[in-house]
Amino acid sequence: MKVSEIISLRLVDPTITDWDFKDQLLSLQNKPLKEIVVLPNHLERAKQLLAKTSIEIGTVIDYPLGNGTIAKKAFEVGKAFQSGADFLEITVSPTMLIQQGAKAKELNKTLQSLAMAWGEIRLRVDSRNLKELQKIEIAQQIKELGWHHLILGEGDSFDNAKHDATIFDYDAGKTVKLQINLTSVTSEQLQELILSGADSFGVLTLANLDLTAELREF
């Protein structure tokens, strides 16, 4: 498989200027990139700038903390799909998954209904400051709830990404597609992370990354 098939470029910096955002998106027009993720206020602009490409455009919901109510998340989901999002990434707080099981189940039921009506919804948990036991608990909860696409972190280091890939691959199981977000990554590091259990990757920059490089499948 090619690197381009497993990379999601994350343009989620709230301080980015409209000019820089436009430049970045125009630079992607001839790249073999599968998808990007932008902030909700940049979604319609991104759709316009990449209209002639096959790049899918997703956006974030309740980002970055995921502490909003279920009603708030549901409202943002509907609004984002109406604005043209191809897929959504919804942040859920670790506290809900670890300590509020009933609430997590209610959210899960709501999101499954929304996904059937609108399109793909992925779950994101910021795992960077969690202890190992907390990560194991979350992985097991994700598996129990039946989620099939889990996203971890935001700009994490390679070492942490490799460690998390091992934990979640073991405790969440192969039915969960695991994406890990890093600041940047090389093709060689991608190969190691895939071997550790990760399936795809979010990056904040494509620098030093050859999207056409071939990776071994295991």
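Student: How many bridges join strand β7 to strand β8?

Tutor: The model is a predicted one. In it, β7 covers residues 177-182 and β8 covers residues 200-203, and the two strands run parallel. Leu182 stands opposite Val203 of β8. The number of bridges that join β7 to β8 is four.

Student: In what order do the eight strands close into a barrel?

Tutor: The pairing in this barrel is parallel. Neighbouring strands of the sheet are turned against each other by 25 degrees on average, direction ignored. The order of the strands is β1-β2-β3-β4-β5-β6-β7-β8.

Student: At about what angle to β7 does helix α7 run?

Tutor: Helix α7 is formed by residues 158-172 and lies across both β6 (149-156) and β7. Angles over 145 degrees count as roughly antiparallel. The angle of α7 to β7 is about 165 degrees.

Student: Are α5 and α6 oblique or perpendicular to each other?

Tutor: The axes of α5 (residues 101-117) and α6 (residues 132-145) come within 11 Å and cross at roughly 45 degrees. The range for roughly perpendicular is 65 to 115 degrees, and roughly parallel requires an angle under 35 degrees. The two helices α5 and α6 are therefore oblique.

Student: How many charged residues does the contact of α5 with α6 have?

Tutor: On the α5 side the contact is made by Gly101, Ala104, Lys105, Asn108 and Gln112, and on the α6 side by Gln141, Glu144 and Leu145. By class, two residues of this contact are nonpolar and four are polar. Asp, Glu, Lys and Arg count as charged. The number of charged residues in the contact is two.

Student: Is Val92 buried or exposed?

Tutor: Val92 lies in the loop between β4 (87-91) and α4 (94-99). Beyond residues up to four places away in sequence, Val92 touches Gly66, Lys73, Leu97, Leu107, Leu123, Arg124 and Val125. Its relative accessible area is 2%, and the limit for a buried residue is under 20%. Val92 is therefore buried.

Student: What is the relative accessible area of His149?

Tutor: His149 has its place in strand β6. Apart from neighbours within four places in sequence, His149 is in contact with Glu120, Arg122, Leu123, Lys177, Gln179 and Ser200. His149 is buried, and its relative accessible area is 8%.

Methods
Residues numbered from 1 in each chain as written. Predicted model: local features only at pLDDT ≥ 70, side-chain atom pairs only at ≥ 80, totals over all residues. Heavy atoms only, no water. Axes fitted to C-alpha atoms, helices over the stretch in contact; angles between N-to-C directions. Contact = heavy atoms within 4.5 Å. Buried < 20%, exposed > 50% of the residue type's maximum accessible area, 1.4 Å probe, protein only. Pairing = 2+ DSSP bridges.
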